Amino acid sequence: MKKLLIILLLPLATQAQTLEVCMQSAERNYPLIKKYDLISKTKELTLSNIQKGWLPLVSVSAQTSYQSAVTEWPSQMKAMYQQMGLEMQGLKKEQYRVGIDVQQTIYDGGSIRSKQDVSRLENDVQIEQTRVSLYEVRHRVTQLYFSVLLLDQQLQLYRDRETLLLKNEDKLDKLFRHGAAAECDWKAVRAERLMASQAVVNIETQRKSLARTLAEFCGMEYVSPQIPSHRVRQPSIGSQDFVSLSHPQMRFFDARLSLADAQERSLGIAIRPHVTLFASGYYGYPGYNMFEDMIQRHGTLNGMVGLRLTWNISGLYTLKNDRAQINTNRQRIEIERDLFLFNSRLDIMKHDADIERFRAQLQTDDEIITLRKAVRIASESKLDHGIIVASDLVRDINQESAACIARATHEIEMWEAIYQKMITTNEDITH
């Protein structure tokens, strides 16, 4: 049963993955993706705390004290009241109170809403910055993907070369045994075949290492790249020499500029007056009616309600400088955006030049391979008739192999340049 399960799952494990699938898997697997949830949770908590600014501010206090002096009746008045039969002792030096104060904002000049806007935009900046970092993963995955794919092509071609040399080695061995070929010719072909075997082992080792790195990036057990289908829309040279506005880096710049605008608006809002409704009450001694407390000398309930207007104009002192600082920051962001667009245009020009060069080379690669193959076949025929030495045959085999490797390299590098351009411009990668 276990063997049957392994046989059924093997095709799925070795199924080739497209570059788009690898990119999506790499972005999901990259540790930085966890930062999205943290940013979202922080945003919710921050906005909730800011919104609570509309809730009443409540404070409870308790106090007891002993004073060295208190408000007292003048001695003449005390004497006069005593003649009338009233004992006017004045306030006690021991005083206490237990109270509560409540403040409710009625008008804040838009301060709470402004803080919420700034907080949202700050979170947007963090999200876009995270997306920029994740987008860079695409370049790294693309490089690894096509490096593995190139080694796959080279590995197959070197194996074909090894097989071809082995065939001619066996042929020379038979000719040598019948006295129709020199032993040195057989040894020369055998040595070349062993060198090809070494190259195969070396490429397999490199391929295993790069494939393991790519699989680790993508969070997969195994990655088998495939050459992109010719159905993929290939951009013509110069078809798009600009960066899409939806590029994560462009959205990052836009988010930072929006944040700067919100911060500038908040400066004017911060100096607006605030209106609050307040209520205060306490039980203690003395109360508001001090004359009564001078006579009764016991705790009473006291309270008041009212409206309060506060206008903190100290922000006007630094308003001009604060606006200048935000404007300087905005100019710095615009310079960074211009620099990014400039470098991106240079990258696109390089990709276009590479694509054009590889396409031109591919147009003659097939013809070169056909000619090299014909020469090699002719050399093998001459060897059968004993009119060519083995060194010439080895040379022709190597030249054909080199032509095949050059064509495979040009094709893989062309596809890599195409995809790198699409990533640079943020074009959709469709298969």
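This is a predicted model: local features need pLDDT of at least 70, side-chain atom pairs count only at pLDDT 80 or more; totals for chains, interfaces and linings use all residues.
View A. Follow the pair to Gly 99 and you will find its bridge partner, Tyr 282 of strand 3.

**View B. Strand 3 meets strand 4.** Strand 4 covers residues 300–310 and pairs with strand 3 in the antiparallel sense, over eleven bridges. A handy landmark is Leu 277, whose bridge partner in strand 4 is Leu 307.

View C. Step back, and four strands form an open sheet in the order 1-2-3-4, with antiparallel pairing. Strand 1 (57–66) and strand 4 are the edge strands, each pairing on one side only. From one strand to the next, the twist averages 20 degrees.

**View D. The largest nonpolar core.** This core holds 30 residues, of which Leu 19, Val 141, Tyr 145, Phe 146 and Leu 214 touch the most other members. Two or more residues come from each of helix 2 (19–29), helix 5 (111–177), helix 6 (183–218), helix 9 (315–384) and helix 10 (390–425). Helix 5 is the biggest contributor, giving nine residues.

**View E. Around Val 141.** Which residues does Val 141 touch, not counting those up to four places away in sequence? Its contacts are Leu 19, Cys 22, Met 23, Ala 26, Leu 214 and Phe 217. Two of these names, Leu 19 and Leu 214, join Val 141 among the core residues that touch the most other members.

Note on methods
Residues are numbered from 1 along each chain as its sequence is written. Side-chain values use heavy atoms; hydrogens and water are left out. Two strands pair if DSSP finds at least two bridges between them. A nonpolar core is a set of buried Ala, Val, Leu, Ile, Met, Phe, Trp, Tyr and Cys residues joined through side-chain atoms within 4.5 Å. Buried means under 20% relative accessible area, exposed over 50%, partly exposed in between (1.4 Å probe, protein chains only). Contact means heavy atoms within 4.5 Å. Axes are lines fitted to C-alpha atoms, for helices over the stretch in contact, and angles run from 0 to 180 degrees between N-to-C directions.
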